[in-house]
Amino acid sequence: EPVIRAYLESKKPGLDISTGPMLNRLFGLGLTVKQAAEALKLSKGNLYRYLSQGKWPNQETVEQFQNYLETEKERRKKKMLTKMALGEEHLKHFCLERDPFTNEMESTEDILDLREISRAEKKILNAVDKNGWVAVTGSVGSGKTTLLKKIELRLAKRKDVILVKPRIIEKQYLGASHVCDSILEDLGTSSVSSHRTLEQKARLVGRTLEEAYRDGRKIVVLIDEAHLLRPEALLALKRIYEFEIGFKKLLALVLVGQTRLARLLKSNFDLSEVSQRVDLYELGALNGAIGSYLEHKLSRAGMNGKEIFDKSALKSMQERADSPLSVNNLAAAAMIAAWDLGEKVVSAEIVKAVQGSF
């Protein structure tokens, strides 16, 4: 009798399958009950009841809904827009002489004087003049490399400045000894510093910096990719920065890195003695200058007054990209899409059709 009863119960129509409420899973993907009902060929009312009560008519319907969610989730996954380069066919289509977004920095004329970059440049040059300590941070593609090129060009023209750049590639391993070696190397005293202890190197660095100061030379230690520096390395830099004659610092420190460096300086209380000495400047975005930025890039590549991006495209790009590098990649991808469609001008519809995020 129990076996027969169980069999008959299993054959009853409308036997509920319990899953728990699933409305949030649908809404979490930005989907509506109507969209899901149409895709699954169910009535809107029935699907809403299944989702809100967590009671389904059969396992097959549950699986159909779950497969639908997985498909939509995969479709909505943000895919990173990678480096885009224009080919010869694209350049010919838009009458350009070269790719405006790939290896485009060939001279100082190729650098657009963006407000954010100019402010950061002034901060660094002020630190050089006053032997200060400045850190400039920004997200990937925010213009840090451009800034460094401008700074190095400016400092190369100054006979009173000696630029020291530690060459160690893996900056997370940079320590006090490496910085001392770099200073001594670039000031021409490395030959007498081999096989010395860190204490001996530090004393030699102190004497070398004092000589340079008396000769009217400015020593600038510039560290790129500074977001990779460990806290102990930053503390070691602070010790080196303390070299002075009277109240006069003997060198300037310039750190350039990603936003992680800013977070470290602002949140790690063990670095308070560093944070309170560093003039931190965080690079912003293009701040609405996408139009002038693209115009500069395209004109340097031979645009000659033609319009490649209309106003609607620029507005759409403003909503998706805010750094020079991300604008470069989005613009290149949109131009390739326009070429594929046979369009000479990029519109908002074309920009919106470019898949990927930054």
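Modeller: Let's start with a term: helices (H or I, at least four residues) and strands (E, at least two) are DSSP runs, numbered from the N terminus. This is a predicted model, where local features need pLDDT of at least 70, side-chain atom pairs count only at pLDDT 80 or more, and totals for chains, interfaces and linings use all residues. Residues are numbered from 1 along each chain as its sequence is written, and side-chain values use heavy atoms, with hydrogens and water left out.

Colleague: Thanks! In which loop does Glu-225 lie?

Modeller: Glu-225 has a phi near 55°, a positive value in a residue other than glycine. Most residues other than glycine have a negative phi. You will find Glu-225 in the loop between S5 and helix H11 (231–241).

Colleague: Is Asn-131 buried or exposed?

Modeller: Asn-131 also deserves a look, with a positive phi of about 50° although it is not a glycine. Asn-131 lies in the loop between H7 and S3. Buried means under 20% relative accessible area, exposed over 50%, and partly exposed in between (1.4 Å probe, protein chains only). Because its relative accessible area is 9%, Asn-131 is buried.

Colleague: How far does helix H8 reach from its first C-alpha to its last?

Modeller: Helix H8 covers residues 144–156, which makes 13 residues. The expected span of a helix is 1.5 Å times one less than its number of residues. For H8 the expected value is 18 Å, and the helix comes close to it, reaching 18 Å.

Colleague: Which residues of H8 are buried?

Modeller: The buried residues of H8 pack against helix H7 (115–130) and strands including S3 (133–137) and S4 (161–164). Contact here means heavy atoms within 4.5 Å. The buried residues are Lys-144, Thr-146, Leu-147, Leu-148, Lys-150, Ile-151 and Leu-155.

Colleague: Which residues do ring pairs link into a cluster?

Modeller: Rings of Phe, Tyr and Trp (its six-membered ring) pair if their centres lie within 6.5 Å; planes under 30 degrees apart count as stacked, over 60 as edge-to-face and the rest as tilted. The structure holds three aromatic pairs, among them the tilted pair of Tyr-50 and Trp-56, at 5.3 Å centre to centre and 35° between the planes. Trp-56 also forms a tilted pair with Phe-65, at 5.5 Å and 40°. The cluster is therefore made of residues linked by ring pairs: Tyr-50, Trp-56 and Phe-65.

Colleague: How many disulfides does a search of the whole structure find?

Modeller: A disulfide is a pair of cysteine sulfur atoms within 2.5 Å. Cys-180 is buried, at 2% relative accessible area, whereas Cys-95 is partly exposed, at 45%. The number of disulfides found is zero.
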